[in-house]
Amino acid sequence: GAEDVVGARVQLAQLVVQSDKLTTLLPCAGTALDDACVEQFVAIYGRRLYRRPLSAEERLEYQTLYAKIRDQADANTGLKWMLVALIQSPQAVYRAELGVMAGEHYDLTQHELATEIAYTFSGTTPSAALLDKADQGKLDSEEAVIAEARALSATPRGRETVHRLLQEWSGYATIHGKAKDVVDNFDVISELMAEETRRFLDDVVIENEGGVAELLTAPHTFVDGTLADFYGFSVTGSAFQQIDRPANWGVGLLAQGSLLGAYAHMGSSSPTLRGLFVLRRLLCQETEAPDNVELAPLPAQAPGETTTRERYESVHTASAQCSYCHNRFDPMGFALEHFDETGRYRETEHGLEIDDSGHVSFAGAEPAPIQGPVQFAETLAASEQTSACISDLFARYTYGSAPCMNGPMADARRGLSERDYGLTEYLIQLATTPHFYRRMP
């Protein structure tokens, strides 16, 4: 609650004013914590917290607060409560985007733009060096903004920021905490699966600057000895390593065990959950059941008698009410039926032949037939709709809103679709668009 937040700020301020910490942060305090030294503290750390230089009036307000408490207690106590006031100021807590009027819109100020760049591409407040450039008005061109965005993206924080987007978009981390009937202590395997996907995404998107096609069709993955044994891969050694997937055992993101296991049930795979993931996250299509539909339970699992596909078809396809929606996404899930509920490849299902034929429901077009996970991934990778969907979702994440994809934004999207650059560079290119630096009244 609010009391906990305030308490944390007080604790932080107390740590700062401890003698050994303070002299490191503010060397003049080692000589004398006088008014001049406190003024220096306000200028340096007020600027970092406000993400802009403080006005003379603001500086005077904090120095007056310090002096009042110092006179009642001591200098360190005065500095402590002055810092608490700085930390919990609305100027520090909230990001200002008031901008300056430029015709019928507002353009972000240099310091607001520095903040936008820093949080977008490194997930944290701008550095002193970036604020220096804002002080000097050096963020006044596309080239300058792109250079800062690219530099931040290459840092560990920047790479983690890109990965956080990939994680939230794909949902692979939801494999954590999943249980599976056929595997005892699946939490051990699920942790390794999440690490596999983290390494895969970092390699394809960040290290090798891949785009949508590479993300969906990369033929390799990363496993350690335990995970290789679980999947049935052959590796040498126990450490995580890159390996090529066996032929026809899937490719790219849709063959990752973490996704396949996350979008499945405890005791069976789920063509519906897997198909919905593709429909929503790769094709940007939504679907809602009509209000008058009565949910019909699936038949009980009968190992050796019916496949998962047959169970789903017996309800979702047989009923006109159900098939109206399910025919859009279940057939995409059927293409992944060679993967069981744990994300492990299976040749048959309880001895029964698996039918992995299906179709992709592209908007405004006839369904595209597919057969199996490899052709499914290749069909999605070749579609402009897939690239457009992912680019839109990534832009929405970057901007914090749904932009109109026209002008410079359309150019950035086209560069991704035509494979002029990959997903990381696409995010960087978004920093040149008006939606990044302009606000409407």
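With which side chain does the side chain of His105 make a polar contact? The partner is the side chain of Arg438, at 2.9 Å. This report describes a predicted model and sets that contact in its structural context.

## Overall architecture

The chain has 441 residues, of which 49% count as buried. Its secondary structure comprises 22 helices and 9 strands. Taken along the principal axes, the C-alpha atoms fill a box of roughly 85 × 50 × 50 Å.

Sequence separation of the contacts was also computed. Among contacts between residues at least 6 apart in sequence, 63% join residues at least 24 apart.

## The three-stranded sheet

Strands β1, β2 and β9 form an open sheet of 3 strands, in the order β1-β2-β9 and with antiparallel pairing. The edge positions belong to β1 (100-102) and β9 (438-439). Each of these two strands has a single partner strand, so one side of each is left without a neighbour in the sheet.

The antiparallel strands β1 and β2 are joined by 3 bridges.

His105 lies in strand β2, which covers residues 105-107. Is His105 buried or exposed? Its relative accessible area is 16%; because the cut-off for a buried residue is under 20%, His105 counts as buried.

Leaving aside residues up to four places away in sequence, His105 touches Val100, Arg438, Arg439, Met440 and Pro441. Among these residues, Arg438 also takes part in the polar contact described at the outset, side chain to side chain at 2.9 Å.

## Packing of helices α15 and α19

A separate feature of the model is the packing of helix α15 (residues 271-282) with helix α19 (residues 384-399). Their axes are 8 Å apart and meet at an angle of about 70 degrees. Angles of 65 to 115 degrees count as roughly perpendicular, and therefore α15 is roughly perpendicular to α19.

On the α15 side, the residues in contact are Arg280, Arg281 and Leu282. On the α19 side, they are Gln385, Thr386, Cys389, Ile390 and Leu393. By residue class, this contact divides into 4 nonpolar, 2 polar and 2 charged residues.

Note on methods
Residues are numbered from 1 along each chain as its sequence is written. This is a predicted model: local features need pLDDT of at least 70, side-chain atom pairs count only at pLDDT 80 or more; totals for chains, interfaces and linings use all residues. Side-chain values use heavy atoms; hydrogens and water are left out. Helices (H or I, at least four residues) and strands (E, at least two) are DSSP runs, numbered from the N terminus. Buried means under 20% relative accessible area, exposed over 50%, partly exposed in between (1.4 Å probe, protein chains only). A polar contact is a pair of N or O atoms within 3.5 Å; within protein, one must be able to donate a hydrogen and the other to accept it, and residues adjacent in sequence count only if both atoms are side-chain atoms. Contact means heavy atoms within 4.5 Å. Axes are lines fitted to C-alpha atoms, for helices over the stretch in contact, and angles run from 0 to 180 degrees between N-to-C directions. Angles under 35 degrees count as roughly parallel, over 145 as roughly antiparallel, 65 to 115 as roughly perpendicular and the rest as oblique. Ala, Val, Leu, Ile, Met, Phe, Trp, Tyr, Cys and Pro count as nonpolar, Asp, Glu, Lys and Arg as charged, and the others, Gly among them, as polar. Two strands pair if DSSP finds at least two bridges between them.
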